Amino acid sequence: MQSPVSIERRRFLGGAAGLLGASFWTNETLDAAVQNTNTNSKPSDLKITDLRVATVARAPMTCPLIRIDTNQGIYGLGEVRDGASKTFALMLKSRLLGENPCNVDKVFRKIKQFGFHARQAGGVCGVEMALWDLAGKAYNVPVYQMLGGKFRDVIRCYADTTESHDPKVYGQRLKLRRDQGFTFLKMDLGIDLLEGTPGTLTQPLGLTGREASNTQHMFTGIEITDKGVAMMADYVGAIREQIGMDVPLAADHFGHIGLNSCIKLGKALQKYNMAWMEDMIPWQYTDLWKKITDAIDIPTLTGEDIYLKEPFLELARAHAVDILHPDLATSGGILETKKIGDGIQEHGVAMAMHFAGTPVSAMANVHCAAATENFLALENHSVDVPWWDDLVNGVSKPIVRKGYIPVPNGPGLGVTLNDEVVKQHLLEPGYFEPTPEWNKERSHDRLWS
Ligand SMILES: [Mg+2]
C-alpha cells in the first residue's frame, strides 16, 4: 500500500507538470516543494469539524478569538472584530462543518451574506482569517505567499496615545511614541476641548452629549465658531511644537459637527500639514465627503466600518476621500482587503489599515499589508498593554519593533496562542469550550429565487 505521503507526492507531480510543463521543474525543486507540504495534513481531504471561542478582555478592547478545528489535528486561528459579539462567528458554524478550509474564497462566498457593516462583519472576517491560517498550515506556507508574495518585509505601524486637554501633556505623550520608534502618529482632536469656553460652539440649546453622540454629524446642528476653530488649531500647533513638523500626524474623533465646520477646521489645520482628517462625517455620504475633500488641502480618510470592497471602490472612483482605511476584521478579511487595496490603487488612493485587536488579528493585517502595494500604515492600539505580545508565540518579540512589525515566515498567520496568558485575560469563564448548540443552526440561505 502506498503511504499518504507518496500519494500526495504523485498528485503534486501530476498537477505541477500539467500546469507549467514538466521541464520547468528540476528534481530538487520538486523534492523541496513536496518536503515543505505538511505531511500531517492531506489538504485535499481536510474538513472543518468544530468552531470554538475564547474572548480576551481589555486588550484594550474586547476581542473574541476563534479556533476552527479539522479532521487532521490542525486548527486555524481567527478573531472577531473588537467590540463585536462572538455570536457573529458561532452562527456560521453549521455552514462551515464539513467544508475544506483550503477553499478559502468558496467558503467566504458562502458565508459573506452573514456580514454587514461595522461589528456585524466580525464573524465572517474572523472565520476568513482562520481559513487562511489553516490553508497555510496545510501547505506549510505563510499567508502572504498565498496572496502573491510580499512588497515589503516590515509593516509600518501608526499609534495614538491617551488624550489630554493640556497640549503640553499630550505632546509629550506623542513625542514618547516617536521616541519609541513610531514613524507615523495620530491624535484625537474633538470639540470636547471647547467645552466650558464660551463662544466656541453653536448648538441647539439643551442638546445632551448622549443625543449628540447618537446623531449623525450633519443632523446635530453643532457648528464651531471662528473662536473655537482657532482654539483647536492652536492646540495642534502646541503639539506640533513638541513633536516637530517632519513626522506625519493624523487626527480623529472630531465630534459630530456639521459639514461647514469640518471644512473650516480643515482649512485652519492646513498649516500643520496633517497626515489625514479621519471620519469627519459618516462614510456613507460620498458626495458630502467629496465637498470636504475638494475644499481642504490636507488628506481626508474614512473606511473603518465598511464591509466588502464595493463601497471602497465607489469612494475611490469619486475621489471622495484621499486615503481609505479598512479594518480587515470588518472589510471582509484578508483577501477582500487585498482586493480593496488593489482596486483603490487604480484610482491613486492609498490604503491605511484600522486595527484594534490582539496579535492574532494583527498578523492577519500584517500578511495582507505585506502583499498589498499601496499600503501606507497599520494602526496599533495596544502599545500600553504590557501583556499584548505575550498572548501569542511563534513570532519574534517585541511584535512591534521600533514602530514596525516584521512579516512572519511561519505557516499560516505564523502565530500560536500562549494558552496560559490568554486564560489570564478572559472576559468570561471558558477557553475554547465545545459549542454543539451551534451545529444545527439552519435557514434557507439563498439570496435569490
Ligand atoms: Mg477612527
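**Asking how we know**

Modeller: Let's begin with helix H5, whose buried residues pack against helix H4 (93-96), H6 and helix H15 (333-345). Helices here are DSSP runs of H or I with at least four residues, strands are runs of E with at least two, and both are numbered from the N terminus. This is a predicted model, in which local features need pLDDT of at least 70, side-chain atom pairs count only at pLDDT 80 or more, and totals for chains, interfaces and linings use all residues. Residues are numbered from 1 along each chain as its sequence is written.

Colleague: Which residues of H5 are buried?

Modeller: They are Val104, Val107, Phe108 and Ile111. They lie on the same side of H5, because they cover an arc of only 105° around the axis. The arc is that of the directions from the helix axis to the C-beta atoms. On the other side of H5 you find Asp105, Lys106 and Arg109, which are exposed.

Colleague: Why is Arg119 called partly exposed?

Modeller: A residue is buried if 20 or more other C-beta atoms (placed from the backbone) lie within 10 Å of its own, exposed if 12 or fewer, and partly exposed in between. Arg119 has 19 other C-beta atoms within 10 Å, so it is partly exposed. You can find Arg119 in the loop between H5 and H6.

Colleague: What does Arg119 touch, leaving out residues up to four places away in sequence?

Modeller: It touches Arg81, Gly83 and Ala84. Two residues are in contact if their C-beta atoms, placed from the backbone, lie within 7 Å. As for Asp82, it is 37 residues from Arg119 in sequence and 7.7 Å away in space, C-alpha to C-alpha.

Colleague: How do you know where the domains are?

Modeller: The bounds come from an automatic or database domain assignment. That assignment gives domain 1 (43-140 + 430-438) and domain 2 (154-413). Between the two, 33 residues of domain 1 are in contact with 25 residues of domain 2. Strand S2 (63-70), strand S3 (75-79), helix H5 (104-111) and helix H6 (122-139) each supply at least two residues of the side of domain 1 that touches domain 2. H6 gives the most, with ten residues.

Colleague: What makes the chain compact?

Modeller: First, its make-up: the chain has 17 helices and 16 strands. Its radius of gyration is 24 Å, close to the 22 Å that the globule rule gives for 449 residues, so the chain is as compact as a globular protein of that length. The radius is taken over C-alpha atoms, and the rule is 2.2 Å times the number of residues to the power 0.38. Buried residues make up 44% of the chain's 449 residues.

Colleague: Where is confidence lowest, and where is it highest?

Modeller: Confidence here means pLDDT, the predictor's confidence in each residue, from 0 to 100. It is lowest in helix H1 (residues 4-20), at a mean of 37, and highest in H15, at 99. Over residues 1-27 the pLDDT is below 50, and this stretch has 13 contacts in the model beyond near neighbours in sequence. For the chain, the mean pLDDT is 92, and 91% of the residues reach 70 or more.

Colleague: What covers the buried residues of H11?

Modeller: The cover includes strand S7 (223-224), helix H10 (226-243), strand S9 (277-278) and helix H12 (286-295). Among the buried residues of H11 (residues 259-269) are Ser261, Cys262 and Leu265.
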